[in-house]
Amino acid sequence: MIVIENDWLKVGIEGKGAEVRKVEHKKNELDYMWTGDSAYWGRVSPVLFPIVGRLKGDQYQIDGQTYEMSQHGFLRDVEFNIDDHTTEQVSFVFESAGRFLDVYPYEFKATIYYILNKDSLIVRWKIENESKEEMYFSIGAHPAFRIPLLENEMIEDYRLELTPSTNKTVLNYELKDSLIHEKGTANDIAPISLTASLFKNDAVIYSNIDSIILSSNKSSHGVEVAFNGFPFVGIWSKYNETDGTMAPFVCIEPWYGIADTHDTSGNMKDKFGVNRLGVGKTFQAEYEMKFK
């Protein structure tokens with residue numbers, strides 16, 4: 001595991017998937033990230049690429065050819081190389097080099113940066129199109145935060161506060177069988193209390209949100225995730241159908257991309273929320289997690 005740290009935070013990142021696995025706060029001695037217990041969900045903070053969410057039938061078409069790809073794509077499972085590493089920041093790089101052409105017909109270079117700034121961790125993505133044609137892709141974050149953080153708390157003590165983008169209408173999306181079936185206007189962006197029933201139908205998804213604060217009504221501890229400019233954000237926890245409970249974590253997921261709609265044509269070039277990147281061009285985006 002690769003470690004970066006400063007006076008506030010110590011962060012552990014795995015080379016596989018360039019995935020953050022631990023964030024320890026040195027001043028309050030709390031560990032904020034989900035443990036990765038596979039009894040609930042074995043991941044902690046995977047990077048989703050080249051799709052976010054599920055494709056209809058787990059397949060898509062490009063220029064008349066059909067490709068198969070499972071939920072959230074393949075980048076979360078590849079081994080990254082360390083590009084640069086100092087005490088307070090690290091960058092990981094992966095080049096496709098023909099290894100995924102059977103499932104994704106584009107060559108690309110992905111660089112993921114992790115940068116500490118006091119009690120915040122900045123995550124920056126850079127995707128370079130190394131193909132000879134325009135590239136279609138989605139990319140997203142999936143960090144899972146442990147709740148409750150303190151022994152005297154319960155999951156129900158936590159809430160999410162959403163900050164809408166200025167002068168934009170907030171939309172929400174309904175999932176069924178992991179596909180988008182409806183979208184509507186979110187007229188009321190009141191704080192969301194965390195209960196298991198919230199995730200009974202999978203993730204809760206919004207567009208035109210700039211940040212989300214996860215906080216407890218019993219302490220001052222929590223996490224603020226800021227992602228100004230991201231078109232979508234998902235909120236998710238693992239729901240247990242047997243006993244109607246949720247896992248002891250919640251994911252706040254800034255996305256450049258989203259699952260297929262139920263009535264999609266399957267053509268990646270027409271996919272809802274897909275990004276286009278010209279030959280030799282670079283896509284960059286970043287979000288920030290502040291640990292309180």
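**Note on aromatic and charged contacts**

1. Phe291 has a relative accessible area of 0% and is therefore buried. The model under discussion is a predicted one. Phe145 likewise counts as buried, its relative accessibility being 0%.

2. The structure contains 30 aromatic pairs. In one of them, the ring centres of Phe94 and Phe108 are 6.2 Å apart; because the planes stand at 45 degrees, this pair is classed as tilted. Phe94 belongs to strand 8 (residues 89-95) and Phe108 to strand 9 (residues 108-117), so that distant parts of the chain, 14 residues apart, are linked. Both Phe94 and Phe108 are buried.

3. Phe145 and Phe291 form a further pair, with ring centres 6.4 Å apart. The planes of Phe145 and Phe291 meet at 65 degrees, and the cut-off for edge-to-face is over 60, so the pair is edge-to-face. Since Phe145 is located in strand 13 (residues 144-146) and Phe291 in strand 26 (residues 282-291), the contact ties together parts that are 146 residues apart in sequence.

4. A charge also meets a ring in this model: the charged end of Lys27 sits over the ring of Trp8, at 5.3 Å from its centre.

5. Side chains of opposite charge can pair when their charged atoms come close. The structure holds 13 salt bridges. One of them joins Asp77 to Arg43, with the closest N and O atoms 3.1 Å apart. Asp77 is in the loop between strand 6 (65-68) and strand 7 (81-85), whereas Arg43 is in the loop between strand 3 (19-25) and strand 4 (47-48); the two residues are 34 residues apart. With a relative accessible area of 38%, Asp77 is partly exposed.

6. Arg54 and Asp58 meet through their side chains in a salt bridge of 2.7 Å, N to O. Arg54 is partly exposed at 24% relative accessibility, and Asp58 is partly exposed at 28%.

7. Asp157 lies in the loop between strand 13 and strand 14 (158-164) and Lys218 in the loop between strand 19 (209-216) and strand 20 (222-226), so the pair ties together parts that are 61 residues apart in sequence.

8. Finally, a network of salt bridges links Lys22, Glu24 and Asp31.

Technical notes
Residues numbered from 1 in each chain as written. Predicted model: local features only at pLDDT ≥ 70, side-chain atom pairs only at ≥ 80, totals over all residues. Heavy atoms only, no water. Phe/Tyr/Trp six-rings, centres within 6.5 Å; stacked < 30°, edge-to-face > 60°. Helix = DSSP H or I, 4+ residues; strand = E, 2+ residues; numbered from the N terminus. Buried < 20%, exposed > 50% of the residue type's maximum accessible area, 1.4 Å probe, protein only. Lys NZ or Arg CZ within 6 Å of the ring centre and 35° of its normal. Salt bridge = Lys/Arg side-chain N within 4 Å of Asp/Glu carboxyl O.
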